[in-house]
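Colleague: I would like a close look at one part of this model, the open sheet and the helices packed by it. Please keep to what can be computed from the atoms.

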Amino acid sequence: MTGDMTDIPTGQDQTAADHTIADRAHRDLVAELTSRWPEHRVAPGLARISALTELLGDPERACPVIQIAGTNGKGSTAAIIDALLRSTGLRTGRFSSPHVSDITERISIDGRPISRERFAEVWADVKPYVEMVDQQQLDGVAMTFFEVITGMAYAAFADAPVDVMIIETGLGGTWDATNVADAQVAVITPIDLDHTHLLGESLAEIAGEKAGIIKPGSQAILAGQQLPAAEVLLARCAEVGALTHREGVDFALLGRTVAVGGQQLRINASEGPLDDILLPLHGEHQARNAVLAIAAAEAFLGMMALDRDVINEGLADVVLPGRLEVVRTSPTILLDGAHNPHGARAAAAAVTEAFDLQPCVGVIAAMSDKDHRGVLAAWQDVFTSVVVTRAATDRSTPVKELAAIAAEVFTPGRVQVAHRMDDAIELAVRLADAQDTGAGGIVVTGSVIAVGEARNLLVDAESAVRSRNDDEDDEDDDGFMDFDDDVRRRATAADFDDDVDQPGLLPDEDADPSDPWGRER
């Protein structure tokens, strides 16, 4: 045979090309959806989502619903409920938000995100009806991103079909798009101050919004609450005739001990105390989330007590990306999306309890509408030093602004800055390894968006690089991955900030007052 065969694509080349085309199609679909009114801007009212679900044949009524609202712990509690019910043999559909790495994470069936192909199919089915609602401009607004993705989730679950839908609210409760469904079991996780510009300035106001998921004749599973929130929730239950199950009264965490890879619990469930419950998650907050989830699952099953083995089987299958997730060792790198003081205090306590990181270096980025000082203060006694950066979104707080607050909380000598997430992580690795103790570690936190960006760099990007060349050594001498240029440049914070310099130490207070950041403004 003659001729030049070098231009003939191999099967491997064709597979790579197919993946590239599929990736581009998925990015285009995500861009189309996220071009809508964003989820951090609320367009109150259920008119649009109600119009969509009616056109779709009311998929939210296809099976029973468990709905979860609260300030912190919603996603973890929903995932644990999901795993517990699957361990009983039920087929589950779970809707959660926000996503960490990919939009498909928001819609899970049988504990796994739907595929990108299935996601595209669901959108193709729903899109004509979304466009019909858009044309109506109900309350003067086209359908928002969150409303559309909520409708897609209900449609996917009804089409699967599933035996139970586990639905995490996006923001609040009463006017949240997920609340188009009437939940048979309403779960309220701990309530604290967050999104005050949207939900109210007081615990009572915020609790009033979240109490809206408690419907007539339902069962309400209530985590322990501060008194103002508890009073509002109990009043709502009395108003609608909901049967209440209260933490500390009807179910409880009786004790816990730290164990390898998690903790061992003793709980009080529907038929009394249960020992030797094994939870592969860290922190008291996750132990309480697990107890809340067990109570919700038992209530959904008609107060049928779950056997210890069934509980442990379910808990063993819980996967929570971005919740004290260990993504690297040597040094240990943890990802946690805590973004308000209540969540940050819980995560900080868990890190102190479960990980002996010396030194412990924080990498933090935050959205502009958050309590920066409160979040930073929660980590003050945990982080030896902190690298301030920003996430790849225009919602992210500018590095200079966040670093100035960090310098007041930590003192300037403990604060460093980097304008890109990859630079921030690399700087943190050097700091963690500097003392040569072999026990250093890093916590990336402050925002789910920032954690997702870090996870894409540390987990997804590494897998992509290694899949391209299994024989290539992906680590350099310091054990930190060498990112390809295309990966490093993918939507980094530098694309949103013209005033960018190299990572470095935040100057001491006696630095040149005309240039306190060590460069010309």
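Modeller: What follows covers the sheet, then the helix packing.

This is a predicted model, in which local features need pLDDT of at least 70, side-chain atom pairs count only at pLDDT 80 or more, and totals for chains, interfaces and linings use all residues. Residues are numbered from 1 along each chain as its sequence is written, and side-chain values use heavy atoms, with hydrogens and water left out.

The open sheet is built from eight strands in the order 4-3-2-5-1-6-7-8, with mixed pairing. Helices (H or I, at least four residues) and strands (E, at least two) are DSSP runs numbered from the N terminus, and two strands pair if DSSP finds at least two bridges between them. The edges are held by strand 4 (112–113) and strand 8 (243–246); each has a single partner strand, so one side of each is left without a neighbour in the sheet.

Strand 2 (residues 92–95) is paired with strand 3 (residues 107–109) in the antiparallel sense, over three bridges. Within this pair, R94 has S108 of strand 3 as its bridge partner. Helix 5 (residues 145–159) packs on the sheet, where strand 2, strand 3 and strand 5 (164–168) are touched, and the direction of helix 5 makes about 10 degrees with that of strand 3. Contact here means heavy atoms within 4.5 Å. Axes are lines fitted to C-alpha atoms, for helices over the stretch in contact, and angles run from 0 to 180 degrees between N-to-C directions.

Helix 5 also packs with helix 4 (residues 116–136), at an angle of about 115 degrees and with the axes 9 Å apart. The crossing of these two helices is right-handed (the near helix is turned clockwise from the far one by less than a right angle). Helix 4 contributes R118, F119, V122, W123, V126 and V130 to the contact, and helix 5 contributes V148, I149, M152, A155, A156 and D159. By class, this contact has ten nonpolar, no polar and two charged residues; Ala, Val, Leu, Ile, Met, Phe, Trp, Tyr, Cys and Pro count as nonpolar, Asp, Glu, Lys and Arg as charged, and the others, Gly among them, as polar.

Another helix pair is formed by helix 7 (residues 203–210) and helix 8 (residues 227–240), whose axes come within 8 Å and cross at roughly 35 degrees. This crossing is right-handed. L203, A204, A207 and G208 of helix 7 meet P228, A229, V232 and L233 of helix 8. Seven of these contact residues are nonpolar, one is polar and none is charged.
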